[in-house]
Structure formats: structure tokens, C-alpha cells
Amino acid sequence: MLTKIVDSYLIFRRATGFTLKDDERYLYSFAKFSESEGDTHIVSNTAINWAGQSHSEAQKANRLKAIVRFSHFCRAEDSRHEVPLGNVFCGRHHRPIPFIFTDEQVKALMDQALKLTPKWSLRPVMYNTLIGLFAATGIRLSEAINLTFRDFTQDGLIIRNTKYHKSRSIPLHSSTAEALNGYLNKRKQLNIDDSHIFVSLRNHPLTSHTIYAVYYRLLDETGIYKVTDKSSSKPRPRITDFRHTFATRALINCPNSRDHIDQHILALTTYLGHAHVGCTYWYLESTPQLMRDIANKCTNFIQEKLS
């Protein structure tokens, strides 16, 4: 019985734009578990026991939240379905501290990319351009992979169907547009039936796995992070840290007045494609330099009030 309701629930939610890949896996697993327990409707204790089978606390919380959403849908039609408490497990997500690249480190990675082999191929200049694009625009890895020729316009880049199923336009600095255009002139010389801007040696769209393999190699060769150094206490820089670096520098260069700060953060939220402004404010608390600036301004404000 629950399996059929899961079918209806997924059809309904997907019709409103949700993909629900994780929820689909969770719900069918839960339905199977409930039916093995002899339940014909959602029972809170059964849901908690099923969610508790996961190893991590965060995963337990995610599993239970999926059931809570599903149970509200079910209960609208049949009050015999119970709605489990959503706070049984502690699912707070602890974000890793971002690695902030220096200009010298970005340049080192771009220069090292030009030494990639085969030297006659598009590969060296492609990774050089890709790293520069990450640093100059803060776009996500998935967004870069999905870029096609039609997405590069006179006004900049068009990012289509992003993480939150929205599209946005990203203006490019003239130097970034010039570098990308230079790469595209070489890319178009490849006579392949694929419109993706970044392609592999086999002329297929790049995958995140392929990009990360090259990226880790470049980190190692430039000495920014030695992949073989297991004793290192430093976090390994991720590709998303280019995005963190872009956002952090944008906030550091933010105007000082309160009204300007609010407008600046709202604009940055839109530019980065964040679903909520809170995702952008997170950069304030995750960057030591920004926290020092905030602390100093608070101290100065209090001293001015007391004087």
C-alpha cells in the first residue's frame, strides 16, 4: 500500500520541479521496511527505527526528514498516517573551513596546467582556461561542465538549469572574456559533433571525476597541497574553494556603509545562484579576515557609543 502512495507522491512532487533522487531511494526503502513490519500506514516508531539504521547522525536526520515530508502528504488524504518528530536525530551540517587561494596560487595552477600533456592537444589550454574561469567567476563545477557555445554571449555567460533549477546571467571581466574567447577559437577547430565548451581527449563532455584527477595532480605539482603527504594537517583545497575565494574577496571589498553592505550581499547571492541569502552570509563567519573586520567594527562602534 505504501509503495503505491510513494509512486503518487513522487509524480506529484516532480510535477512541481523537484528531482527527488535521494527521496526516491529513501521512500521505497522505507515502504519496503514498513510493509515487512506489517504496517499499512506510516507509523512514527517504524520511521524512526528505519532512519536509525544509517551509520551517521546526519544521514539518519536526512532519512527521517524525507519521511516527515512524505507523511504530511499522506496525512492530507488519510489521518491514520502518523507524522514523526523531525528533531529525533541531530542533523546539523558542519561545513568544512574553506581554503582561500592567493593570486599567486591561482597563477601557479594556471601556469602548471599549460605543461599538461599531450602538448599538441587542447588539454593544456583547456585546463588553464577552466581554472581561470573558476577563479574569475566563482561558478560551480557542474555549471562549468554543462557550458555550451550558446552560453557564451556578448553579455557574459548564461548558466542554465543550475543547482536550484534556475538560470542566471554572469557578466565577465574583459580579460576573462578575452581569455575564454581565445580558448574557444582553438576549441572550435575540433571537428566534433558536441557543443560543450570543455571536452575530454576523447572529445566527450568532461566529468567531475576527470577534472578532479587533473586538479589534484596540479595541486601536487605546484606544491600547494601534496596529495601524497598523509601527515599534512591542512585541508585539501577543493574546486569549490575557488568559489569560496571569489565570494570572500567580493565581501572583503564590500562598501562600508550598512545600506551598501545589504545591497552588496543581495547582489552576490543572485550572482552566485544561492537559493537563500543565508548561504551567502555563511562566508562572513567562515573567513578569519572577515570575522576580524567584523570584530574591529563592532569594537569601534561600542567605543564611539561610550565616548
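**Reading a predicted model, feature by feature**

Visitor: What share of the contacts with a separation of 6 or more comes from residues 24 or more positions apart?

Guide: In this protein, residues 24 or more positions apart account for 57% of those contacts. Keep in mind that the model is predicted.

Visitor: How many helices and strands are there?

Guide: The protein has 13 helices and 3 strands. Of its 307 residues, 41% are buried. The accessible surface is about 18200 Å², and carbon and sulfur atoms hold 53% of that surface.

Visitor: In what order do the strands lie in the sheet?

Guide: The general idea is that strands of a sheet pair through backbone hydrogen bonds, either parallel or antiparallel. Here the 3 strands form an open sheet with antiparallel pairing, in the order E1-E2-E3. Strands E1 (152-153) and E3 (168-170) are the edges, each pairing on one side only. Between E1 and E2 (residues 156-159) there are 2 bridges. Thr 153, for example, has Gly 156 in E2 as its bridge partner.

Visitor: What span should helix H9 have, at 1.5 Å a residue?

Guide: H9 covers residues 208-222, and its 15 residues should span 21 Å.

Visitor: Which residues of H9 are buried?

Guide: An α-helix has 3.6 residues a turn, so residues three or four places apart point the same way. In H9 the buried residues are Ile 211, Val 214, Tyr 215, Leu 218, Leu 219 and Asp 220. Their cover includes helices H5 (103-113), H6 (123-137), H7 (141-145) and H10 (240-252). Just after H9 comes Gly 223, with a positive phi of about 80°.

Visitor: Is Thr 148 buried or exposed?

Guide: Buried means under 20% relative accessible area. Thr 148 has 11% relative accessibility, so this residue counts as buried. Thr 148 sits in the loop between H7 and E1. Leaving out residues up to four places away in sequence, Thr 148 touches Ser 195, His 196 and Ile 197.

Visitor: Which side chain of opposite charge is nearest to Arg 13, and how far away is it?

Guide: A salt bridge needs a side-chain nitrogen of Lys or Arg within 4 Å of a carboxyl oxygen of Asp or Glu. For Arg 13 the nearest side chain of opposite charge is Asp 23, 4.9 Å away. Arg 13 is thus buried without a salt bridge. Arg 13 belongs to helix H1 (residues 2-15). Apart from neighbours within four places in sequence, Arg 13 contacts Phe 18, Leu 20 and Arg 69.

Technical notes: Residues numbered from 1 in each chain as written. Predicted model: local features only at pLDDT ≥ 70, side-chain atom pairs only at ≥ 80, totals over all residues. Heavy atoms only, no water. Pairing = 2+ DSSP bridges. Helix = DSSP H or I, 4+ residues; strand = E, 2+ residues; numbered from the N terminus. Buried < 20%, exposed > 50% of the residue type's maximum accessible area, 1.4 Å probe, protein only. Lys, Arg positive; Asp, Glu negative; His and termini not counted. Contact = heavy atoms within 4.5 Å. Areas by Shrake-Rupley, 256 points an atom, 1.4 Å probe, with all protein chains shown as cover. Expected span 1.5 Å × (residues − 1).
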